[in-house]
Amino acid sequence: VKMEKFNGFDVAICGDFYETLVTVTLDGVSVSEMTDRIRSIIPVHEDISVSHNQGKALIVIKSKVRTTTSELASLRKLPEVSDVTALCPILPTQSSADCKVPFTTASQLSAWLGEHGQKELWELAALYEAERGDTDTDSVVTKMSQLVDIMENAIQEGLNGTVYRDRILHQQAHKIDEGLAKGILIPGEILNRVIKYITAIMEVKSSMGVIIAAPTAGSCGCLPGTLIGAAHSMGLSHMETTKAMLAAGLIGVFIAEAATFSAEVAGCQVEAGAGSAMAAAGLVQMFHGTAGQCLDAASIAFQNVTGLACDPVANRVEVPCLGKNIMGGSNAIASATMALAGYDKVIPLDETIQAVLDIGQKLPLELRCTFGGLGKTPSSRAI
């Protein structure tokens, strides 16, 4: 998410800094003079930018630390200042003004490996986040571990049962265990658990519980449900799950840099489809596959969902979103299996991402999270 306007001023706020927004009236004072005054009050900062609008200026100070109460008070005492707003970062990893990352594409990552030697994908993800956030890899791993805790809590909350009046789908996650007990389900420990976990997370989302949008709220079930479900089935540790989630996150970086996670822009292929590609890479990491195999698994999974429409029933992110998240989980399992077995992905991940974006932008607007497909059926209209 990027904020581009604030009270009529142009801004670029992505939630990766502490931001102090100072509105000043340019009456007998220059912008440079006001900027100097602000610098004297907040000497430690990453960047200062200025936007003009109708005789006023908005001076934005980006910092890695919170602006103190006394600094805010000093800013408000300046006679030219009409408003001071302080924003806290929302991203788990903060940025720096001179941020330089080792790679932003899969091909750059492969080149980096050729120069520096082989590493597992989770290690490369930790390196990327440490460089981007000016921190150390141990802190990155700790933060991801905390995010996995939130995901696991969401699963447990969903399995415990959720109640929310204003939704289409009600509690269904328990039906997997009931079906297994009756012997009426297709055997498959990992897949059945993944289906149950994905359903549990989606039910928590639909009941306004706490989830991780990974990569989006509408696709919040596929990635964590698949990786945590597989980990629990195989008896893997919390740390192994954390490493898998880091690996998956780096695939998400490549998708975010070159394409989008917005179904409004490119259909559900960049929501549930992207989550599936990320989960496929995470599964390969769980089996200690190479970084190259992780990339191949993500590419195969993404290739399998090209053209996936986003056609929510009754404008709710429930149907067919649940089914598409579950489909993404099964696709991730199959794609990871193919990559680990040595199947040829044919199209490299970077090219696949570009192809998905191209297809998505050519989808009719009605199939990009608006009112088409399943969303305009008589049943959907009735709901």
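# Close-up views of a predicted model

**View 1. The four-stranded sheet.** An open sheet of 4 strands has the order S4-S5-S3-S6, and its pairing is antiparallel. Strand S4 (47–53) and strand S6 (81–87) form the edges, each pairing on one side only. On average, neighbouring strands of this sheet are turned by 15° against each other, direction ignored. The model shown here, and in every view below, is predicted.

View 2. Strand S3 covers residues 18–25 and pairs with S6 in the antiparallel sense. The pairing runs over 6 bridges. Helix H2 (residues 69–77) lies across S3 and S6. The helix runs at about 160° to S6.

**View 3. The hairpin of S1 and S2.** Strand S1 (residues 3–6) and strand S2 (residues 9–13) run antiparallel and are joined by 3 bridges. Phe-6 has Phe-9 in S2 as its bridge partner. The two strands, S1 and S2, form a hairpin with 2 residues between them. In the turn, Asn-7 has a positive phi of about 50°.

View 4. In general, side chains of opposite charge can pair when their charged atoms come close. Here the side chains of Asp-166 and Arg-316 meet in a salt bridge, at 3.1 Å from N to O. Asp-166 lies in the loop between helix H5 (137–160) and helix H6 (174–182), and Arg-316 in the loop between helix H12 (291–303) and H13, so the pair ties together parts that are 150 residues apart in sequence. Asp-166 has a relative accessible area of 40% and is partly exposed. Arg-316 is partly exposed too, with a relative accessible area of 29%.

View 5. Lys-243 and Glu-240 meet through their side chains in a salt bridge, 3.9 Å from N to O. Both residues lie in helix H9 (residues 238–258). Lys-243 and Glu-240 are 3 residues apart, about one turn of the helix. Are these two partners buried or exposed? Lys-243 is buried, and Glu-240 is buried as well.

View 6. The side chains of Asp-296 and Lys-345 meet in a salt bridge, with 3.8 Å from N to O. Asp-296 lies in helix H12, while Lys-345 lies in the loop between H13 and helix H14 (349–362), so the pair ties together parts that are 49 residues apart in sequence. Lys-345 is partly exposed, with a relative accessible area of 23%. A further group can be picked out elsewhere: Glu-33, Arg-37 and Glu-80 are joined into one network by salt bridges that share partners.

**View 7. A nonpolar surface patch.** Which residues make the nonpolar surface patch of about 250 Å²? They are Met-234, Phe-287 and Leu-340. Leu-340 is found in helix H13, which covers residues 321–341. Leu-340 has a relative accessible area of 32% and is partly exposed. Patch residues need over 30% relative accessible area, so Leu-340, at 32%, passes this cut-off.

**View 8. Leu-91 and its contacts.** Leu-91 lies in the loop between S6 and helix H3 (106–116). At 35% relative accessibility, Leu-91 counts as partly exposed. What is Leu-91 in contact with, leaving aside its neighbours within four places in sequence? Its partners are Cys-14, Gly-15, Asp-16 and Arg-132. Leu-109 is 18 residues from Leu-91 along the chain, and their C-alpha atoms are separated by 23 Å.

**View 9. Gly-292 in helix H12.** Gly-292 lies in helix H12. Its relative accessible area is 31%, and Gly-292 is partly exposed. Along the chain, Gly-292 and Val-24 are 268 residues apart. The C-alpha atoms of Gly-292 and Val-24 are separated by 52 Å.

How values were computed: Residues numbered from 1 in each chain as written. Predicted model: local features only at pLDDT ≥ 70, side-chain atom pairs only at ≥ 80, totals over all residues. Heavy atoms only, no water. Pairing = 2+ DSSP bridges. Axes fitted to C-alpha atoms, helices over the stretch in contact; angles between N-to-C directions. Contact = heavy atoms within 4.5 Å. Patch = residues over 30% accessible without salt bridge, like charges linked within 9 Å, V, L, I, M, F, W, Y side chains within 5 Å. Areas by Shrake-Rupley, 256 points an atom, 1.4 Å probe, with all protein chains shown as cover. Salt bridge = Lys/Arg side-chain N within 4 Å of Asp/Glu carboxyl O. Buried < 20%, exposed > 50% of the residue type's maximum accessible area, 1.4 Å probe, protein only.
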